[in-house]
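Welcome! Here is a short briefing to read beside the sequence and the 3D view.

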Amino acid sequence: MEHPENSAEFAGLQVNSGVEQPSIINPYLKRNRFRRREMSVSEMVEGIIKGDVTVLSQAVTLIESVNPDHQRRAQEVIEKCLPYSGNSVRIGISGVPGAGKSTSIDEFGIHVLKEKGGRLAVLAIDPSSERSKGSILGDKTRMEKLAQHPDSFIRPSPTAGSLGGVARKTRETIILCEAAGFDKIFVETVGVGQSETACHSMVDFFLLIQLAGTGDELQGIKRGIMEISDGIVINKCDGNNVDKCQMSATNFRNALHFFPMPDSGWLPKVLCYSGFYGTGIKEIWDMIYQYFDFVKANGYFDYRRNEQAKYWMYESINEHLRLNFYNNPMIQQRLQEAERIVLAGKKTSFAAAQQLLDTYYSNL
């Protein structure tokens, strides 16, 4: 298109067509040049045992994948890493939203690494959206000190629809972290509830973080979560909140006497601390290590590890059966038809489910 500036009436002006701009993409760039080479199972296991956190992260991603081929390779990695696992202390940390779990983990971790040395792995569980199925995975932003520590490893994982406040593959991730040389493992749950038994079934010590002055104290004294707690700590015990925290601690101690004595023989202790100011952290770690000395002396530590192994064996069976059922081609064909019949009111949900199960079992 001609520019009007080049007409006779604008004799003093002239606009040239300009230079054709080159493509912003390098024509000599090979698209597959930067594609990451897929590691073999033996290479991945070797990297994990050497303590390579990059390889460990790739292995955890492999575990969390729903791809059947990835799941098969992940199980091979787990089996080969199993002999190198089991040499850590596993601590589950839960609490109401806003109780300061991430800030507390940051202080707990820095303290234990400074006092005891070793390596620490933090498995932070982030809730997944029911609508988008996505997760923010931003727990590292609240663990500023640990995120920069050379002996720590922080892995946020989505719940992906799992109940119990922990991710579906957290148990397998613990095994890989132990094989990589991490002798202390924190499992942070998404919050308290009546289904926290999943986290309790994979850790050695379950720590419950509470708050004081938040209204009815009975809201914190829930039988399900209190019975599985090995220690209760009240955060934000600083400033004008000290008296409230001490009063709340007294209420929790009184409530614990109404519960049956735990199988371990250990009566949970109630302590106060401030995660923001870092006060009272040493007393909490003294309580945790006192608990470990107690349960190792009476044999409950090994008993609990064995019970957890059996629990996750049955959980794995249930998970495998569920996936096998829904991935069955015949079930996939009849599932939509069964939904249509139920929605039309021609058959109850229970009868339709039973018919699908009968079809599944008859074709095994």
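Accessible areas here come from the Shrake-Rupley method with a 1.4 Å probe, and for residues only the protein chains shown count as cover. On that basis the accessible surface of the protein comes to about 21300 Å², with 54% of it belonging to carbon and sulfur atoms. This is a predicted model, in which local features need pLDDT of at least 70 and side-chain atom pairs count only at pLDDT 80 or more, while totals for chains, interfaces and linings use all residues. Residues are numbered from 1 along each chain as its sequence is written, and side-chain values use heavy atoms, leaving out hydrogens and water.

**The whole protein**

- The secondary structure comes to 13 helices and seven strands; helices (H or I, at least four residues) and strands (E, at least two) are DSSP runs, numbered from the N terminus.
- Of the 364 residues, 42% count as buried, meaning under 20% relative accessible area, with exposed being over 50% and partly exposed in between (1.4 Å probe, protein chains only).
- Among contacts (heavy atoms within 4.5 Å) between residues at least 6 apart in sequence, 74% join residues at least 24 apart.

**Helices α1 and α2**

- The axes of α1 (residues 41-49) and α2 (residues 53-64) come within 8 Å and cross at roughly 125 degrees; axes are lines fitted to C-alpha atoms, for helices over the stretch in contact, and angles run from 0 to 180 degrees between N-to-C directions.
- That angle makes α1 oblique to α2, since angles under 35 degrees count as roughly parallel, over 145 as roughly antiparallel, 65 to 115 as roughly perpendicular and the rest as oblique.
- On the α1 side, Met44, Gly47 and Ile48 meet Val55, Leu56, Ala59 and Leu62 of α2.
- By class, this contact of α1 with α2 has six nonpolar, one polar and no charged residues; Ala, Val, Leu, Ile, Met, Phe, Trp, Tyr, Cys and Pro count as nonpolar, Asp, Glu, Lys and Arg as charged, and the others, Gly among them, as polar.

**Helices α3 and α6**

- The axes of α3 (residues 68-81) and α6 (residues 170-179) come within 9 Å and cross at roughly 50 degrees, which makes α3 oblique to α6.
- Val77, Ile78 and Cys81 of α3 make the contact with Glu172, Ile175, Leu176 and Ala179 of α6.
- The contact of α3 with α6 has six nonpolar, no polar and one charged residues.

**A backbone detail at Lys236**

- Lys236 lies in the loop between β6 (231-234) and α9 (242-256).
- Although Lys236 is not a glycine, it has a positive phi of about 65 degrees.
- Most residues other than glycine have a negative phi.
- Lys236 is partly exposed, with a relative accessible area of 37%.
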